[in-house]
Every structure is written in C-alpha cells, then in structure tokens.
Amino acid sequence: MRPWAWRPCPRSGGASRASAGKRKSCQTAGIATAEASSQARTHADAQVQTEAPEEPAAVAPVSQHDTPRLAAFLRRVEAMVIRELNNNWQSHAFDGYEVNWTEQQRTVSCLYTLVYPLAQGQGLHVTGISWNATGSVLACAYGRLDDGDWSTLKSYVCTWNLDRQGLNPQQPSVVVEVPSAVMCLAFHPTQPSHIAGGLYSGEVLVWDMSRPEDPLLWRTGLTDDTHTDPVYQVLWLPEPRHSHRFQVLSAATDGRVLLWRGSGAGQLRLSKGFALAVQQLPRSTKLKKPPQGGFPLKCSLASEAAALTRMPSSVPLRAPVQFTFSPHGGPVNLFLSAGTDGHVHLYSMLQAQPLTSLQLSHKYLFAVRWSPVRPLVFAAASGEGDVQLFDLQKSSQKPTVSIMQTQDGSPVYCLEFNSQQTQLLAAGDAKGMVKVWQLSTAFTEQGPREAEGLDQLEAEIAT
C-alpha cells in the first residue's frame, strides 16, 4: 500500500497546551538542521562601572516661551505627515513580516519517549499511531511490517493520556491484547474513546477504550466479506446523508476497499465494496504493462460501475478508479505521496504527472503527512531512522529540519500531527518506541497569505 496525505483546507490554529510542567526527559540523538544559523550579539558600547557614579547634570526645563513656535511647526508639517502615513498604510513592503517578541525556541525538542516494555521485548514494531478527538490521548498499534506471516502473532493496542498527572512513559493508560498483528489504527473523529484497527489476518475491529475490561465494540469476523490480505489503512468516513454517523473504510493488499457499518450485535457489516483491477483503469491513463511499483489513484465512492472480479461478496463490488497518477519507482486540490523508492511526490488533482519530486531517502519512505495548520509544511518518516520536516515557504528542495528518531537508523514507520495541540508531532519506529516531538512556533504559526502559497508554488513549478 502507498502512504499518502491530502492537503486539508487551512484551519485556524488549534488550542495550544502549556507543557513545561509535564516535560519528560528522553534520550534522543542530536537534532540536525538543514539550514542552521546562529546569532551573536555584540555590545559595542558595553561598560563596566567600578567607581561611584557622578551626579547627573541638571536638565534644564523646557521653556514655556517655545510652545507657540512648536505649535506653528506642527501645523506646517501636519499635511505632509498625514500624507506619508497614508502612503505607508497602503504599502505592501512588509507583507508577510511578523514581529516576534518572544525568545527564540529550539526548533524541535523531544517531550516523551513512550514504550510498552512487553511489546518491545517481543520485538514488535510500532505500525500505526493516532491522536484522539481531544488531542490529549495517543494510541499506538504494535505489529510487524517486515516479511513473515503475522496472522496469529499476539500484539497490542496501547493508549497514553498525555494530560494525565504523573504520566509514566512506560506504562500505557490502557492496553488491549489482539490475536493478530495490528497494521494500522484510527481514532473516531468525534468519539474520543473509539478506535478502529486493521489486522494482518484481514479483520477490522473497533474498540471502546473507555471499557478497558471489555473494549471490543465491533468486528468483521472472518467471512467471505473479510479482506483476504493484511489491512494497511483504516479511516472513519461520515455517512452521506447523516454526517453525525460514521462508517469505517478499510483498504488491503487484496485490492479491495470496503465500507463497514457497526451493528447492535457487535458486528461490522459490509455496506459497500470496491475492487481494483488494472484492466479497468481509465483509458487515457492506462499503463502499458503492470507497474513494478505502486501508483496513486483518484477514486469515487459514488461509482456504480461493476468491478471485474470473481471475489465473493455479500454486496456488489464496484470499480472506483477515475484517474491514475504517475507511479513511484517502488511500491505507493494538491496532495503528497511517499514511496519505497525514497521519493515524495507533490501532485495536483488536475494532472497525472507530479508537480515536483523530492528524494528524501536512499531507503523506503513509510509515511508523509501535511501539517494541519501550516499549508506549506509537511513531515516524512524514512527508513533511515529520521523524521524530516519541510517548510516549502523556505525551500522546496531540502528539509528545514531532520530529526534522528532512532539511534541505530532503524526505520520510522508512522507519524501524525496533533490537530488539536498543534505543537505536537508523534512518530513510531521499528524499535517499538513512540516519540512525541514538540515543534516551535516556526512550524505552527501561519503567516499572512500563506494559504495562497500552494497556488503560487503550483504555478511556479508548472512554468
């Protein structure tokens, strides 16, 4: 499956959280910056006083007889001053410039290193992470992403409440044991305790973490409708005519995208299904031969075309593909995609070819995410153990900051920005650790007219 990230519509900055009182120490590698700069202050007139100061000279009072002359001067220059003030008010010379009266922060710092020792002792990877609707709880999926049959591997879903007093980074708030490797998970958009997860066995489950003794809420079971391959993506989608109700969308390497609805019997029932087939790609973009790697597809859940497949299903399977984008060299308004070829592609929905392509790693890229508050900022997780932060306003060719997540270069598999507490970015890795990074205001405060920056970038690249 291909990790990808849509560019969400810019939102106003989320509520920030004071974290100084809760900061935990964590051992991390040094932070490398692509464009580091230092500022030295020189005091040219500095003095050291070693003797008693002399009495200051008396200041003569302003003569009252100068008042008429001052008033006459102000009347003479009044029209000119008003004219210049109006000119300055209409000027765009300082557009985009922000006065920052606060002391400069470190660009990125590590707040927490979260570990579940039992999972780490089994050699499990962090395969997925998700923030809940309040932004205070972080969920972590444990499984394996290397080659092997992990369908019966005992694994875990863990949550930490970062707002809880006395947080223990090695003791999750809730731990759920799962009979198959968990490959992905996603918190419900409005229910802070509900989590959907996709398993290596092909099942999709939903847990209610407010019931730690009996958390399982719904499951697909193993039926003809269930995925036959590992599930690598789950999402919550609102129902078309009932925006307060949500269904679970799942995607797997069996080529199916399925929509599930929870029932009172503890079951997830298939409500809609789609199947991908190379022979049903649009004619204008059909590939001459099956690609060696993955490629992004634009699909529609409203499609009514029957899918060319013999897979059994309780509902008719549809062919959802509307448009095919150029592939990566390895398995995949503006959106980003990342691939196992180490490249990030920036696409426009209006054309097949990427607007630009950046090689961020000589190994895999496992995830890429847009910032929820900065339209020109995104983060990528690499197979070389680092998290790279890009600010396209500063450079479209190299990262603004590169953070070493793992000491030995083990892969970083997943990352997520916190849309509520926007200074937080979490990343999970092959060592079984989740690190929560605090971003400086340079990555969280949107400048004037920044929302127009992507349109401008698109226009500049296109020409």
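Is Leu74 buried, partly exposed or exposed? Leu74 counts as partly exposed, at 48% relative accessibility. Buried means under 20% relative accessible area, exposed means over 50%, and partly exposed lies in between (1.4 Å probe, protein chains only). The model is predicted: local features need pLDDT of at least 70, side-chain atom pairs count only at pLDDT 80 or more, and totals for chains, interfaces and linings use all residues. Residues are numbered from 1 along each chain as its sequence is written, and side-chain values use heavy atoms, with hydrogens and water left out.

Leu74 is found in helix α1 (residues 67-90). Helices (H or I, at least four residues) and strands (E, at least two) are DSSP runs, numbered from the N terminus. Together, Leu70, Phe73 and Leu74 make a nonpolar surface patch of about 290 Å². Patches are made of residues with over 30% relative accessible area and no salt bridge; like charges are joined within 9 Å, and nonpolar side chains (Val, Leu, Ile, Met, Phe, Trp, Tyr) within 5 Å. Accessible areas come from the Shrake-Rupley method with a 1.4 Å probe; for residues, only the protein chains shown count as cover.

Salt bridges were searched for next. Side chains of opposite charge can pair when their charged atoms come close. A salt bridge is a side-chain nitrogen of Lys or Arg within 4 Å of a carboxyl oxygen of Asp or Glu. The whole structure holds eight of them. In one, Glu203 meets Arg219 at 2.9 Å, N to O. This pair links distant parts of the chain, 16 residues apart. Glu203 sits in the loop between β9 (194-199) and β10 (204-208), and Arg219 in strand β11 (residues 216-219). Glu203 is buried, at 6%, whereas Arg219 is partly exposed, at 28%.

A salt bridge also joins Glu239 and Arg261 (3.1 Å, N to O). Glu239 lies in strand β12 (residues 231-239) and Arg261 in strand β14 (residues 256-262), so the pair ties together parts 22 residues apart in sequence. Glu239 is buried, with a relative accessible area of 9%. Arg261 is partly exposed, at 37%.

Glu416 bridges to Arg369, with the closest N and O atoms 3.0 Å apart. Glu416 belongs to strand β26 (residues 412-417) and Arg369 to strand β22 (residues 365-370), so this pair ties together parts 47 residues apart in sequence. Glu416 is partly exposed, at 21%. Arg369 is partly exposed too, at 22%.

Aromatic rings were also paired. Rings of Phe, Tyr and Trp (its six-membered ring) pair if their centres lie within 6.5 Å; planes under 30 degrees apart count as stacked, over 60 as edge-to-face and the rest as tilted. The count comes to five aromatic pairs. Tyr364 and Phe366 form a tilted pair, 5.5 Å centre to centre, with 50 degrees between the planes. Tyr364 is partly exposed, at 42%, and Phe366 is partly exposed, at 24%. Trp370 and Phe378 form an edge-to-face pair, 5.9 Å centre to centre, with 75 degrees between the planes. Trp370 is buried, at 5%, and Phe378 is buried, at 1%. Ring pairs also link Tyr364, Phe366 and Tyr413 into a cluster.
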